[in-house]
Amino acid sequence: MNEDNVNRDNVPGCCNTGLESESEPELKFKFESEFEPKIVGFLCNWCSYAGADKAGGSQKSYPPNVNVIKVMCSGRVDPQFVLKAYAAGADGVLILACHPGDCHYKEGNYRALQRHRMLLRMLNQLGIGSERCRFDYVSAGEGDRFVKILTEMVDTIRTLGPINRPGLNNIDEYSSEKRSENGYSIIGS
Amino acid sequence: MKIGVYFCNCGTNISDKVDSGQVGQKIEGIENVSYFKTLELMCSEEGKEFLHNDLIGEKPDRVVFAACSPREHENTFMRILSGADMNPYLMQMVNIREQVAWVTEDKDKATAKAANFIKGAIKRVSFHKPLEKKSIEMSPDVLIIGAGPAGLKAALTIAETGRKVTLVEKRPVVGGQPVLYEDVFPNLECAPCMLEPMLNEILHGEHAENIEILTMSEVIDLSGFYGNFIAKIRKSPRFVDKEQCIGCGECIGVCPVAVKNEFNNGLDDRKAISLSFAGGLPNVPFIDMKACLRAKVAAPSAEVAATPAENEDCRLCDQSCPLGEGIIKFDDEEEVIEKHMGAIIVAVGASLYDAGLIPGLGYGKIPDVYTAFEFERLLSSSGPTGGELKTRSGSTPESIAIIHCVGSLDSNHKEYCSGICCQYAFKFNLMIEHKLHDARVHHLYKELVYPGKEEYLLYKRAKENPNASFTRYSSIDTIGINSEDGRVRVKNTESGKEALIADMVVLCPAMVPTKGSGKLGELLDTTNDMFGFFEELHGRLDSARSKVRGIYLAGTCQSPMNIQQAITQGMAAAGYVLAGLVEGKKLDVEPITAAVDEDRCAGCRICMTVCPYKAIGFDMEKQKASVNEVLCLGCGTCVAACPAGAMSSNHFTNDAIYAEIEGVLA
């Protein structure tokens, strides 16, 4: 990862702890009662997406806060997708993969794990906080596990509250269409 | 751009929780959305017919189907698009049944979530590009490396369908390891009798013309990929005309040179011109030019001392040939041939763990300590003693110790059970009993295994041998073998018991990959498992496939196994070939692959290191990566890894995924 590519001036939240609300319990309570977390879940096609379908097939209710985006492999999850999700308004991101050794593409889940580890360090530096990005494994048969992980994630984000994001959307300058126009990336992998 | 959205109520499965009217309102006004239509049951015959006609009437540029899981009906709707003259990749399915309606209690929340999902799909689908399945020509021919039971069975199965097979075998004979055995477990069937019909079928049967057997040959190079491999094969000279020789053996008797016979594990000598062993097929001798008197002059090397002049034109074998001149070809030369084929089956077999690595066992130092392979030859009627059990000094053994689990189940050696050693050890027990009625047979083992429907009976019979004893040891390091007064002393240092006195000791070492299999794996670009065996694609689902598309595995090169399993795996590998590589059919190439933007590629090759399929090559001239669309399976790991953004993933482009992220959060 080449951190020099990150223009810190244009990445709001960078010098912001993002945790100010925790020192004000009343405010936090207010957040908890009204706040509906928005979470993006990147699910691999073969295991975790099938696990989510399994939960559906057995009609297990869970909080509706996770918006699922299917990718063929968790290894396809570019760390920039995760940043993009925060920029576009997500309060949390879930990356779900096949269990170690079960990856349909042999080792994509290991790559995803490596990138997630790297991303967590960066999320702390950005003031977003590593708790807002969870990587986990769900197999095609683990509907219950999918529901458990998802529910825990919603609870975690509900407790953390929304991301302190004054002007965070500026990060858009570094991704999406702008990225291809500018021809550079904010993170290498 | 005109986007059409179809919403399926799925009976009441979706409409119970998600209100299509409200969803319609929520997405109203989104750019490019031209219409929103609700159907009762989209996958029903009426539903499909409606969609077909509606797509033809509306002519949308992109379509979104909000319905069940794409895992259920994505292909159905892709076919409907194709039927309506649209590219099937120009649609996106939204899973509002399994992932919304069935899992959300509150109706309003379910409706809102469904709307988010649909917004994501609408945003995404505008980035979809029409993709075409490509097809390429492929060769239906097959290369099989290794002519043991697994390779032979595969060759025969494929040849029976009229397909061409090239069978490459390193040795001068076919049949693999079991043709060297007298009997095989579990029912002590005569091994040559068991294999001979298959060997004859291969050599002279109805489909023999479809099988080209290249003995004394090795694959030395491979290029290409599934459907279009090109292999270079080195044929070592045999110096005897394989087609004309009748195998009478006259030439062998007259040869003046004797060398150690590797087919009998060096337990006796053979001539410089020799058959591998009696009954070895093809029944044609070969000349070992390293040993032949002529070669010593013809090809002088540092190792070969100057030879007396009278030997330089030794033609005794040639002169003895009843067919006359020309059968023995002293001028036969090494040849490298090229073969084009669509698939490869690797069946190179295994060998035994080097018992010399466990010094306490005395292997290689004490003459009457043998490996199981050597003992098989001593039992064989085509072996060095003609099947008579004798010690090196020529006496009949009174007591034989069989050490199981040599180098197996041991973290210092091989941490697995080969699964076959107990069976052949019990077989040895019975064969010893048959040959020498009174000889004692001592089994020393760490574990005994006899899985399967016939295997236990063999163990039971071995147990019933009144002269047999079974003793368990905990570690091979506790076994000390020494020679004493011409006999062998086997002492278990853990036990207080007296040492066993034996005349012969048979070691049953772990099965390990053959020496050359690492090198072969390198040139085939296959992977090895932690033990060095050829690694299968999946241990249970796909053990006959390697991780390289179009290269299949059969027999003990993949894992220790018995003959039955090897033959079955040979059939499995043949099945993969016949099912996937159909004559006259082209190879479909899925369009969801990675692609390189050469202008952006800096040639760093990170993509190559993360690709699990070796699907990314490197153009040395341009210094750019290139994707092989046949090998790429579209996982997208390289796309996420490319630091320059030069890799993209068809159908899962960054643009499409960014748009979907924006859409679901809007």
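Start with one pair of residues: B:Ile3 has B:Arg62 in E3(B) as its bridge partner. Keep in mind that this is a predicted model. That bridge belongs to the pairing of strand E1 of chain B, residues 3-8, with E3(B), which is parallel and runs over five bridges.

On its other pairing, E3(B) goes with strand E4 of chain B, residues 91-95, also in the parallel sense and over five bridges. There, B:Ala67 stands opposite B:Asn95 in E4(B). To get from E3(B) to E4(B), the chain passes through helix H3 of chain B, residues 70-83, and this β-α-β crossover is right-handed.

Now, is E3(B) buried or exposed? Six of the six residues in this strand, residues 62-67, are buried, so the strand is largely enclosed by the rest of the structure. Both faces take part: B:Arg62, B:Val64 and B:Ala66 point one way, B:Val63, B:Phe65 and B:Ala67 the other, and all are buried.

Next, the helices. Helix H4 of chain B, residues 107-125, packs against helix H17 of chain B, residues 654-665, at an angle of about 150°, with the axes 7 Å apart. An angle over 145 degrees counts as roughly antiparallel, and H4(B) and H17(B) are therefore roughly antiparallel to each other. The crossing of H4(B) past H17(B) is right-handed.

Which residues meet there? From H4(B), they include B:Asn116, B:Phe117, B:Gly120 and B:Arg124. On the H17(B) side, B:Ala656, B:Ile657, B:Glu660 and B:Val664 are among them.

Conventions: Residues numbered from 1 in each chain as written. Chains lettered and ligands numbered in written order. Predicted model: local features only at pLDDT ≥ 70, side-chain atom pairs only at ≥ 80, totals over all residues. Heavy atoms only, no water. Buried < 20%, exposed > 50% of the residue type's maximum accessible area, 1.4 Å probe, protein only. Helix = DSSP H or I, 4+ residues; strand = E, 2+ residues; numbered from the N terminus. Pairing = 2+ DSSP bridges. Right-handed = clockwise from strand over helix to strand, strands pointing away. Axes fitted to C-alpha atoms, helices over the stretch in contact; angles between N-to-C directions. Parallel < 35°, antiparallel > 145°, perpendicular 65-115°, else oblique. Left-handed = near helix turned anticlockwise from the far one by under 90°. Contact = heavy atoms within 4.5 Å.
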